[in-house]
Amino acid sequence: VTWGFAIEEIEGSVQYEYAAHFAELVNQKTDGEVDVRIYTYGQLGGLTDIYDQVQSGAVDFAFGSGFLGGTVPESQLFSLNFVLTDDEWTNAQVLNDPAFRKHPDLLDSFRERDLHPLAVVPEGWQVWSANQEIRTPEEFAGVAIRTMDNRLLRETYQAYGADPTTMEYGELFSGMQLGQIDGNIQPVFAHQEMDFYQVQDYLIFANQAQFIATFMANKDFYDGLSDEHKTVIEEAVEALVPYIHAVQTELNNERLDIITENSDIELVYLTAEEREAFRERSLPVRDTFAEMVGERGTRLMQVLLDMVDEAQESTSD
Ligand code: 6CS
């Protein structure tokens with residue numbers, strides 16, 4: 001048997017490394033019975049084409065991140081800023097704690113759209129790029145920053161004082177090169193592998209959010225699997241939590257070195273005080289989220305906020 005797995009990124013990316021290791025684990029655990037075929041970004045069309053295809057069952061698995069907001073509005077929870085801790089490993093553990101990952105409200109949100117969520121994968125900090133230094137909301141004024149296509153991100157960047165616009169991932173390089181947009185938000189590895197850093201002057205680290213993707217299956221495909229295959233998937237998903245954390249931190253570190261070796265791009269790190277100004281502006285966007293998704297999604301946001309608080313307390317003990 002062959003299972004199809006569509007990812008939103010190119011070969012060498014965090015999603016690719018995840019999918020490749022998932023394929024390896026599944027193949028091993030099924031004694032070669034199941035092969036996983038990976039479709040990289042572009043092979044099946046654009047981002048929303050990927051979601052359409054996993055919803056219809058044309059592929060069995062996919063990653064969904066910011067653009068998934070149109071399909072699963074509740075997934076915009078992962079676009080909220082200043083929700084997680086400053087520690088990436090803590091975040092990965094909270095998001096993949098069964099109390100969150102298998103929370104009925106999360107399952108229902110996806111299953112209602114013919115999808116079944118399996119894992120929540122942080123891929124590194126979301127880092128701003130621009131052609132000017134941005135340390136304050138005032139300095140964001142007039143900056144046409146590209147966000148992934150969801151209302152929550154647009155509202156967030158409006159609250160930061162910028163002019164958010166949406167553009168497909170594959171069009172971003174030329175969009176920036178031609179000056180149609182001034183800035184962009186990506187984990188470091190993506191700024192590098194998509195060559196975005198070559199057409200931008202500043203990389204700005206505000207640690208406002210992590211890039212988060214949901215690993216999901218087509219619902220009917222998942223429901224129709226044997227218990228053995230469900231167990232294989234569950235074991236793989238669990239093993240992938242520490243695996244992909246190690247891979248993403250290493251990839252993001254290595255790629256930052258490549259960026260600085262190959263360009264004069266300036267690295268800007270916001271101070272705690274500068275971050276605070278953005279954090280304050282991000283808080284009302286939680287109400288927008290609640291209003292957009294209703295009771296179920298709001299409950300889920302509260303579950304996550306409480307789990308993050310708890311994790312923060314136990315790490316600061
Ligand atoms: O910005 C985007 O659209 C894409 N960026 C990454 C790092 N992964 C997938 C996502 O769609």
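How many Å separate the centres of domain 1 and domain 2, taken over C-alpha atoms?

1. The separation is 22 Å between the two centres, taken over C-alpha atoms. Domain 1 comprises 2-123 + 212-253 and domain 2 comprises 127-208 + 264-316; these bounds come from an automatic or database domain assignment.

2. This is a predicted model: local features need pLDDT of at least 70, side-chain atom pairs count only at pLDDT 80 or more, and totals for chains, interfaces and linings use all residues. Residues are numbered from 1 along each chain as its sequence is written.

3. Between the domains, 39 residues of domain 1 are in contact with 36 residues of domain 2 (contact: C-beta atoms, placed from the backbone, within 7 Å). On the domain 1 side, α3 (88-95), α4 (98-101), α5 (104-111) and α11 (227-262) each supply at least two residues. The largest share, four residues, comes from α5. Helices (H or I, at least four residues) and strands (E, at least two) are DSSP runs, numbered from the N terminus.

4. By class, the side of domain 1 that touches domain 2 has 16 nonpolar, 16 polar and seven charged residues. Here Ala, Val, Leu, Ile, Met, Phe, Trp, Tyr, Cys and Pro count as nonpolar, Asp, Glu, Lys and Arg as charged, and the others, Gly among them, as polar.

5. Strand β5 (residues 127-130) is joined by three bridges to β8 (residues 183-186), antiparallel, and by three bridges to β9 (residues 202-205), also antiparallel. Pairing requires at least two DSSP bridges between two strands. W128 stands opposite I185 in β8, while the bridge partner of S129 in β9 is L203.

6. Both faces of β5 are covered, with V127 and S129 buried on one side and W128 and A130 buried on the other (buried: 20 or more other C-beta atoms, placed from the backbone, within 10 Å of the residue's own).

Notes: A residue is buried if 20 or more other C-beta atoms lie within 10 Å of its own, exposed if 12 or fewer, and partly exposed in between; C-beta atoms are placed from the backbone. Two residues are in contact if their C-beta atoms, placed from the backbone, lie within 7 Å.
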